Amino acid sequence: MKNLAYTIQIRASKACVWHNMLDPELYREWAKAFSADSRYEGEWKQGEYINFIDPNHGGTRAFIEELHQPQRIHAIHVGTISRDGIEDTNSESARKWMGTTESYDLLEVAGVTELRISISTHEDYEEMFNNCWPKALELIKVICER
């Protein structure tokens, strides 16, 4: 597994960043860095499953292991989802994806929030994350500072 980290400073409270990062409509604005029609299905709650999808491409399914509002989310990916909405845990690509973890940590100092994204993933996904997360973080920053 490759350990990846991305960080950005946002001139907004962590409550604002948290809300704007997870609001379903605003999520679509910044998650387009990953795929044009990215969205999620489910709720951001500890112990729940959430699907990250683009209806045109499929997506992934994750389990929210830890959630402390408004400072931390830790999720583990448990499979992929086909364009037809079918969960896959058996294909080679799904097995490579399974076990990927994502952590979102927010730390606020003097009205500036540092958003840290930590990912542990198969090396096949390193380039995708390195291309997409910096763009996504810039979009989150724009949304929060407008």
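**Helix α2 and a few residues around it**

Okay, let's start with Thr 101, which counts as buried because its relative accessibility is 17%, buried being under 20% relative accessible area, exposed over 50% and partly exposed in between, with a 1.4 Å probe and protein chains only. Before I go on: this is a predicted model, so local features need pLDDT of at least 70 and side-chain atom pairs count only at pLDDT 80 or more, while totals for chains, interfaces and linings use all residues. Residues are numbered from 1 along each chain as its sequence is written, and side-chain values use heavy atoms, with hydrogens and water left out.

Back to Thr 101, which sits in strand β7, residues 101-109. Strands here are DSSP runs of E with at least two residues, helices are runs of H or I with at least four, and both are numbered from the N terminus. Not counting residues up to four places away in sequence, Thr 101 touches His 74, Ala 75, Ile 76, Ser 118, Ile 119 and Ser 120; contact means heavy atoms within 4.5 Å.

Next strand, β8, residues 112-121, is where you find Thr 113. Thr 113 is buried, at a relative accessible area of 0%. Its side chain reaches the backbone oxygen of Ala 12 at 2.6 Å. That is a polar contact, meaning a pair of N or O atoms within 3.5 Å; within protein, one must be able to donate a hydrogen and the other to accept it, and residues adjacent in sequence count only if both atoms are side-chain atoms. Leaving aside neighbours within four places, Thr 113 has contacts including Ile 8, Ile 10, Val 17 and Leu 106.

Now look at the loop between β7 and β8, where Ala 110 sits. Buried or exposed, this Ala 110? Exposed, with a relative accessible area of 77%.

On to the helices. Asp 23 caps the N-terminal end of α2, with a side-chain oxygen 3.1 Å from the backbone nitrogen of Glu 25. Within α2, the buried residues are Leu 26, Tyr 27, Trp 30 and Ala 31. Down the axis of α2 they fall within an arc of 130 degrees, so they line one face of the helix; that arc is taken over the directions from the helix axis to the C-beta atoms. What do the buried residues of α2 pack against? They pack against α1 (14-22), β2 (39-42), β3 (49-54) and α4.

Take α1 with α2: their axes come within 5 Å and cross at roughly 80 degrees. Axes are lines fitted to C-alpha atoms, for helices over the stretch in contact, and angles run from 0 to 180 degrees between N-to-C directions. The two helices are therefore roughly perpendicular to each other; that label covers 65 to 115 degrees, with under 35 roughly parallel, over 145 roughly antiparallel and the rest oblique.

Then α2 (residues 24-31) with α4 (residues 126-145): the axes come within 8 Å and cross at roughly 135 degrees. That makes α2 oblique to α4. Leu 26, Glu 29 and Trp 30 in α2 meet Trp 133, Ala 136, Leu 139, Ile 140 and Ile 143 in α4.

Last one, also in α4: Pro 134. Pro 134 is partly exposed, with a relative accessible area of 37%, and touches Tyr 6 and Phe 129, again not counting residues up to four places away in sequence.
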